[in-house]
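Reader: I am new to protein models and would like to learn how to read one. Could you take me through it step by step?

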Amino acid sequence: MTDTGAPKTRWQGDVNEAAVEDWKADTTTFERVRQIIDVTTEPQTASQIAERARVSEPTARKHLSALAETGRVKTFTSDAGTRYMRAPQMLAMRRIADIHREHTKAEIREAIRDLKAELQEFRERYDVADVDELTLDLEPGEDGWEDVARWQQVEQSLDIAQAALSLYDFDPDDSRSAAARTSETGSTVEERGALGGDSTQSTA
């Protein structure tokens, strides 16, 4: 049987359409708009978001307005209309929440100590006070630019770790640490408390 190549193109289209139909069946219109905006890093119109989310434009506009109210969406308004994109701070907020949920207070404190030690090592290695001073000292193409990138990354990680640690101020019983420790031993826990659910369950 001769392979003309045509079936491959037709099959690819079917797969994509099937995936879209599964996505629509498994999600609400709000969930699809939220998922699309979470990966939208350049401003887009409501109609563009609607097309990608497989919803009507009025539905997309309604959900985008609701998400903007919560701070998840950043809006840009001009004579040409309103455009939408993911709020940049959302990624940091989600990372902070993930670290707080997955690590104990002691683990976060240890990570903060390690990050501060790495920053001090950079200061001593280059005899500068901060990364901005190092940036001014370096010439284009000179060794050290990789360390500038790493230095900036460490500072960002330190800010996020300190913010995650500060969330324990709202969890005075340290129940998040208890949950993380229990999880490490193979148990799953939904703890009570201001940040937890209403039930407690263990599979241990």
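Author: We will go from the overall layout to helix packing, and then to charged side chains. This is a predicted model, where local features need pLDDT of at least 70 and side-chain atom pairs count only at pLDDT 80 or more, while totals for chains, interfaces and linings use all residues. Residues are numbered from 1 along each chain as its sequence is written, and side-chain values use heavy atoms, leaving out hydrogens and water.

Reader: Which helices and strands does the chain have, and in what order do the elements run?

Author: Helices (H or I, at least four residues) and strands (E, at least two) are DSSP runs, numbered from the N terminus. Here the chain has nine helices and three strands. Starting at the N terminus, their order is α-α-β-α-α-β-β-α-α-α-α-α.

Reader: How much of the chain is buried?

Author: Buried means under 20% relative accessible area, exposed means over 50%, and partly exposed lies in between (1.4 Å probe, protein chains only). Of the 204 residues in the chain, 28% are buried.

Reader: At what angle do the axes of H3 and H4 cross?

Author: Axes are lines fitted to C-alpha atoms, for helices over the stretch in contact, and angles run from 0 to 180 degrees between N-to-C directions. The axes of helix H3 (residues 46-53) and helix H4 (residues 57-69) cross at roughly 105 degrees and come within 8 Å. H3 is therefore roughly perpendicular to H4, a label used for angles of 65 to 115 degrees. Contact means heavy atoms within 4.5 Å; by that rule, Ala46, Ser47, Ile49 and Ala50 in H3 meet Glu57, Ala60, Arg61 and Leu64 in H4.

Reader: How many salt bridges does the structure hold?

Author: Side chains of opposite charge can pair when their charged atoms come close. A salt bridge is a side-chain nitrogen of Lys or Arg within 4 Å of a carboxyl oxygen of Asp or Glu. The structure holds eight of these salt bridges. One of them joins arginine 94 and aspartate 38, with the closest N and O atoms 3.7 Å apart. This pair links distant parts of the chain, since arginine 94 is in helix H5 (residues 89-102) and aspartate 38 is in helix H2 (residues 29-38), 56 residues apart. Arginine 94 counts as partly exposed because its relative accessibility is 40%, whereas aspartate 38 counts as buried at 13%.

Reader: How far apart in helix H6 are glutamate 121 and arginine 125?

Author: Glutamate 121 and arginine 125 form a salt bridge with their closest N and O atoms 2.8 Å apart. They are four residues apart in helix H6 (residues 105-126), so about one helical turn separates them. Glutamate 121 is partly exposed at 42% relative accessibility, and arginine 125 is partly exposed at 44%. Elsewhere, salt bridges that share partners join Asp38, Arg72 and Arg94 into one network.

Reader: Where does arginine 86 lie, and which side chain of opposite charge is nearest to arginine 86?

Author: For charge, Lys and Arg count as positive and Asp and Glu as negative, while His and the chain ends are not counted. Arginine 86 lies in strand E3 (residues 81-86). Arginine 86 is buried yet has no salt bridge, and the nearest side chain of opposite charge, aspartate 38, is 6.4 Å away. Even so, the side chain of arginine 86 reaches the backbone oxygen of aspartate 38 at 2.8 Å. Not counting residues up to four places away in sequence, arginine 86 touches several residues, including Ile37, Val39, Arg72 and Leu91.

Notes. A polar contact is a pair of N or O atoms within 3.5 Å; within protein, one must be able to donate a hydrogen and the other to accept it, and residues adjacent in sequence count only if both atoms are side-chain atoms. Angles under 35 degrees count as roughly parallel, over 145 as roughly antiparallel, 65 to 115 as roughly perpendicular and the rest as oblique.
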